[in-house]
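This report goes through one protein model, from its overall make-up to its ligands and a few single residues. Please keep the sequence and the 3D view open while reading.

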Amino acid sequence: MSAEDSPLIPLEGTEMAGGGGGYPLPVYLGGLAIACLIAFAVYSFIFSKTHGVAAAGPTFIIAGPSGAGKTALFTLLRYGEKSTTLPSIEQNISTSYRLPSLPDTAKPFVLIDTPGHQKLRQSMFDVLQVSQAARTIHGVLFVVDASAVSKPEKLREAAEYLYDVLRVTEKVRGGSDVLVAANKSELFTAVPAKRLRTLLEAEVQKIRETRTKAIGKVGLDGEKEEEEDGDSATVGGDGWLGLRDGKPFRFEDLESDVMVVGGSVETGKVDDWVGWMEERAVN
Ligand SMILES: Nc1nc2c(ncn2[C@@H]2O[C@H](COP(=O)(O)OP(=O)(O)OP(=O)(O)O)[C@@H](O)[C@H]2O)c(=O)[nH]1
Ligand SMILES: [Mg+2]
């Protein structure tokens with residue numbers, strides 16, 4: 001910083017705009033500097049509390065629409081018990097989650113439960129991006145209420161959120177692993193995991209078409225990006241997910257490994273999900 005723009009150099013005779021009643025400029029600039037320091041301290045505190053942990057250690061993120069059972073799963077995994085939950089307004093973070101099959105001496109995982117309400121999802125994307133950049137992400141557990149997806153609007157909501165998650169996981173080479181945890185499978189209205197996979201693929205296909213039409217030109221930019229990268233059938237550019245071969249959308253065409261597995265937090269049937277995490281824990 002040059003002497004001219006340093007806030008510490010007093011400028012004699014300078015007055016605040018608006019007349020002679022204000023403070024001298026150095027006092028004004030000093031106040032501004034203190035305000036900036038406070039803002040930085042607050043930002044650092046928040047960053048270290050949420051984003052920082054995701055970059056600090058091996059991380060699993062729990063995402064998915066509101067009411068799917070994410071906090072119930074987090075509580076069961078972390079504390080081994082069922083809980084009565086309320087819709088979350090902030091993340092639940094454990095920095096000492098231990099997978100059952102790993103020895104006590106193994107480094108504990110960071111487990112982050114995120115709020116599913118549409119207006120509160122940004123923090124999930126932030127920790128996902130931070131942990132992908134830091135290469136600490138081991139997987140995303142995308143929890144879906146399998147008993148709700150027979151309603152078209154619920155299926156749409158789940159697919160739209162999943163689409164946005166996959167758009168982020170596809171941005172890193174090789175993708176990040178995603179488990180679609182088809183929860184509440186004990187309910188007789190629950191859709192089986194295999195069927196849920198097909199439903200989600202068909203819905204993501206529709207979303208891909210509508211979003212690409214909506215942003216037209218950006219889709220072309222995405223195509224250009226693919227040519228420049230020349231390394232992958234999937235595209236990191238905006239507006240497209242999956243292959244560009246005119247065929248329907250399939251999870252298997254993504255770089256991210258996407259599995260759909262049924263289970264139930266209510267009845268404690270989460271072994272397959274924990275097994276999925278254990279497989280990814282060593283990667
Ligand atoms: N029947 C049944 N209910 C479940 C199951 N898992 C969770 N629930 C219930 O579903 C409701 C929502 O669970 P939460 O864990 O709060 O849902 P969430 O995904 O964290 O929701 P948000 O915090 O709003 O994003 C609660 O009443 C849970 O008891 C399950 O496997 N079966
Ligand atoms: Mg919750």
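The model is predicted: local features need pLDDT of at least 70, side-chain atom pairs count only at pLDDT 80 or more, and totals for chains, interfaces and linings use all residues. Residues are numbered from 1 along each chain as its sequence is written, chains are lettered from A and ligands numbered from 1 in the order in which they are written, and side-chain values use heavy atoms, with hydrogens and water left out.

**Overall make-up**

The protein has eight helices and six strands. Helices (H or I, at least four residues) and strands (E, at least two) are DSSP runs, numbered from the N terminus. Along the sequence their order is α-α-β-α-β-β-α-β-α-β-α-α-β-α. Of the 283 residues, 42% are buried; buried means under 20% relative accessible area, exposed over 50%, and partly exposed in between, with a 1.4 Å probe and protein chains only. The accessible surface is about 15300 Å², and carbon and sulfur atoms account for 57% of it. Such areas come from the Shrake-Rupley method with a 1.4 Å probe; for residues, only the protein chains shown count as cover. Among contacts (heavy atoms within 4.5 Å) between residues at least 6 apart in sequence, 72% join residues at least 24 apart.

**Nonpolar cores**

A nonpolar core is a set of buried Ala, Val, Leu, Ile, Met, Phe, Trp, Tyr and Cys residues joined through side-chain atoms within 4.5 Å. The largest one has 42 residues, and L196 and L200 touch the most other members. Helix 5 (residues 152-169) gives this core its largest share, nine residues. Beyond its neighbours within four places in sequence, L196 is in contact with V144, V149, V180, A182, V191 and V260. Another core of 24 residues lies apart from the largest one, and its members include L77, Y97, A181 and M277.

**Ligands**

There are 21 residues around ligand 1, of which S66, K70, T85, S88 and E186 come nearest; a residue counts here if one of its heavy atoms lies within 4 Å of the molecule. The table gives polar contacts, which are pairs of N or O atoms within 3.5 Å; within protein, one must be able to donate a hydrogen and the other to accept it, and residues adjacent in sequence count only if both atoms are side-chain atoms.

| Residue and part | Distance to an oxygen atom of ligand 1 |
|---|---|
| K70, side chain | 2.7 Å |
| K184, side chain | 3.0 Å |
| E266, backbone | 3.0 Å |

Taken alone, ligand 1 exposes 660 Å², and the protein buries 83% of that.

Which residues coordinate the magnesium ion (ligand 2)? They are T71 (OG1) and S88 (OG), at 2.0 to 2.1 Å. Donors are N, O and S atoms within 2.8 Å of the metal (3.2 Å for Na, K and Ca); water is not among the atoms, so sites may look incomplete. T71 lies in helix 3 (residues 70-79) and S88 in the loop between helix 3 and strand 2 (92-97), so the pair ties together parts that are 17 residues apart in sequence. T71 is buried at 17% relative accessible area, and S88 is buried at 18%.

**Two loop residues**

S264 sits in the loop between strand 6 (258-262) and helix 8 (271-281). S264 is buried, with 1% relative accessibility. Its side chain makes a polar contact of 3.1 Å with the side chain of T267. K171 is in the loop between helix 5 and strand 5 (178-183) and is partly exposed, at 47%.
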